[in-house]
Amino acid sequence: MHVDSLLFLLTAALPLLYLVRHSVWAPSATRAHTRLRQEWFAAIAQHKGTEVLGVQTLRNSLMSCTMTATTATLAFMGGLTLTQGHWPSQWWHHGFPPLGTDQGLAFWNAFAVLVLLALAFLTSMLAARNYHHAGFVAGMPVESAARRSWQSLGERSLMRAGLYYSQSLRLMIWAVPLALFYIHSLLGAATAVALFVSMWGWLDVDR
């Protein structure tokens, strides 16, 4: 296996390790933002007249999700179009090229980027779905029986929405070093290492 293949394994392993860790044990910044959303939702449920504020705030979050999903979709379709000529149809019937070859390296690199973008789209849509549910609850009159009945559902939906959105952003971020791998293998690997260190030790830490 040549050096570029080893660098690709490193570039692909770092996002996998990071995303598994993020799913199993959310970093301190993610946990802090989850508490923030929970306390905000509980606070607007205690004061009459905050219904419009709650809906507008959740609408902004929903729009952010749709922008992330749109970006991931456009990048996915663009990447699929650019790599179409490099993926002969017989590979689907006779096996994929080995990683140790130039063709295999190009194939698996493109495949990894497309998987991350597809997952970013799916998690963005799941976040939008949950923000949508929370918006209905936030729009109910604070003093109504329906609001009290659905309050817990709104809190759970808002918590899930934040976690899904956090995952979608990180999936898109981790597509960058793999995309840069196309330009040069060292550039992609160095970017992945720098991103891993900065996100683990700085961006994900609640300060």
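Author: One term first: a residue is called buried under 20% relative accessible area, exposed over 50%, and partly exposed in between, using a 1.4 Å probe and protein chains only. This is a predicted model, where local features need pLDDT of at least 70 and side-chain atom pairs count only at pLDDT 80 or more, while totals for chains, interfaces and linings use all residues. Residues are numbered from 1 along each chain as its sequence is written, and side-chain values use heavy atoms, leaving out hydrogens and water.

Now to the rings. Those of Phe, Tyr and Trp (its six-membered ring) pair when their centres lie within 6.5 Å; planes under 30 degrees apart are stacked, over 60 edge-to-face, and the rest tilted. Counted this way, there are 7 aromatic pairs. One of them joins Phe8 and Phe181 edge-to-face, with 5.7 Å centre to centre and 70° between the planes. Phe8 belongs to helix α1 (residues 3-24), whereas Phe181 is in the loop between α6 (145-180) and α7 (185-203), so this pair ties together parts that are 173 residues apart in sequence. Helices here are DSSP runs (H or I, at least four residues), numbered from the N terminus. Phe8 and Phe181 are both buried.

Next, look at Phe107 and Phe111. Their ring centres are 6.1 Å apart and their planes meet at 15°, so this pair is stacked. Both residues sit in helix α5 (residues 102-138), 4 residues apart, about one turn of the helix. Phe107 has 2% relative accessibility and therefore counts as buried, while Phe111, at a relative accessible area of 35%, is partly exposed. Together with Trp108, Phe107 and Phe111 form one aromatic cluster.

Some rings also have a charge over them, which takes NZ of Lys or CZ of Arg within 6 Å of the ring centre and within 35 degrees of the ring normal. Arg21 lies over the face of Trp200, 4.2 Å from the ring centre. Likewise, the charged end of Arg147 is placed over the ring of Phe41, at 5.9 Å from its centre.

Cys65, in helix α3 (residues 51-83), has a relative accessible area of 0%, so Cys65 is buried. Beyond its neighbours within four places in sequence, Cys65 is in contact (heavy atoms within 4.5 Å) with Ser124, Ala127, Ala128, Tyr131 and Tyr165.

Key. Helix = DSSP H or I, 4+ residues; strand = E, 2+ residues; numbered from the N terminus.
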